[in-house]
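Student: Could you take a close look at one part of this model with me? I'd like to go through the place where the chains meet.

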2 protein chains.
Amino acid sequence: MLHPNVEAVEYQIRRISILIRHHTRELLARYELTLPQYYALIHLLHERLTMGELCCRLFLASSTVTDLVDRMERLNYVRRVRDENDRRVIRLEILDEGRDIIKKVMQDRMEFLSARLNEWDKEKTEVLIKILTEFRELLEEE
Amino acid sequence: MLHPNVEAVEYQIRRISILIRHHTRELLARYELTLPQYYALIHLLHERLTMGELCCRLFLASSTVTDLVDRMERLNYVRRVRDENDRRVIRLEILDEGRDIIKKVMQDRMEFLSARLNEWDKEKTEVLIKILTEFRELLEEE
């Protein structure tokens, strides 16, 4: 027997994810960035990954990721560097321009969400955070 | 000035999306389906799209979508058919096996979420639905 409210919860979560993803995609278009490129830059923000590792993180085929990295290298967002411990290994390094783009997109996202939340009263936002935190913990249970 | 709670809201939403996407990906692995294939099948559930239309819907390059469709055609999830009004146009049609897979994945998703919600008391789920509905409406405003 399914929980009587499961469809309502699933529907709201799905719609909210679609709305946020849609908005992010519009933001990225301003910077001529695609969603997979954006995710790739986020994964490279704190570590130098090999192409293989990046493919795994993005769940994309190696040919797709090669195209994506080639384009970002031409835009000066990333570069290929040799691993310091093993010169045979090539790693991807995010460059200042790539870092700036990610910062701007994140800032724009926050401003959009912030403008919307400003229309709400304080109590509502607090209810939202409290219940979302509990819901996330519920989903995280093993 | 950013709303004081915007980071908390953004964080919870992002984590919940990641958890759900992660769970969906695990489910799909059981059926040997990738996330882009799953999204493609969902888009084909109620309409026969051309390859170009499917590329637009998935925001993926035409070469990536061609590979993805070829693999799903071999699995008997979709087939290429000629448009009835314009024989030069090829459309993609979902087959019974593709439809069954989508139904099973959706059912599994619902069962997972349902099992989790059953651990909560009724009032909490009601608070969650009410505030998520209001939050979705807030995001949908023009």
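Student: How much area is buried between chain B and chain A, and what percentage of it do carbon and sulfur atoms give?

Tutor: Before the numbers, some ground rules: this is a predicted model, so local features need pLDDT of at least 70 and side-chain atom pairs count only at pLDDT 80 or more, while totals for chains, interfaces and linings use all residues. Residues are numbered from 1 along each chain as its sequence is written, chains are lettered from A and ligands numbered from 1 in the order in which they are written, and side-chain values use heavy atoms, with hydrogens and water left out.

Now to your question. The area buried between chain B and chain A is about 5,400 Å², with carbon and sulfur atoms giving 71% of that; buried area here is the accessible area (1.4 Å probe) that two parts lose on being put together, summed over both. In residue terms, 49 residues of chain B are in contact with 49 residues of chain A, contact being heavy atoms within 4.5 Å.

Take Lys124(B) and Glu134(A): they form a salt bridge whose closest N and O atoms are 2.7 Å apart.

Helices (H or I, at least four residues) and strands (E, at least two) are DSSP runs, numbered from the N terminus. By class, that side of chain B has 24 nonpolar, 10 polar and 15 charged residues. Ala, Val, Leu, Ile, Met, Phe, Trp, Tyr, Cys and Pro count as nonpolar, Asp, Glu, Lys and Arg as charged, and the others, Gly among them, as polar.

Next, the cavities. The count comes to 3 cavities of 30 Å³ or more. On a 1 Å grid over the protein atoms alone, a cavity is a set of points where a 1.4 Å probe fits but cannot get out, and lining residues have an atom within 4 Å of a point. Grid points are joined across faces, edges and corners, and a volume is the space filled by probe spheres set on the points.

The largest cavity has a volume of about 100 Å³, and both chains line it, with Glu10(A), Ile13(A), His23(B) and Arg109(B) among the residues. H5(B) provides the largest share of this lining, 4 residues, and by class the lining has 5 nonpolar, 2 polar and 2 charged residues.

The second largest cavity holds about 80 Å³ of space. Its lining includes His23(A), Arg109(A), Glu10(B) and Ile13(B); H1 and helix H5 (96-117) of chain A, together with H1 of chain B, are the elements that give two or more residues to it. Those lining residues divide into 4 nonpolar, 2 polar and 2 charged.

Conventions
Salt bridge = Lys/Arg side-chain N within 4 Å of Asp/Glu carboxyl O. 1 Å grid on protein atoms, 1.4 Å probe; cavity = no way out; pocket = protein on both sides within 12 Å on 5 of 7 lines; lining within 4 Å.
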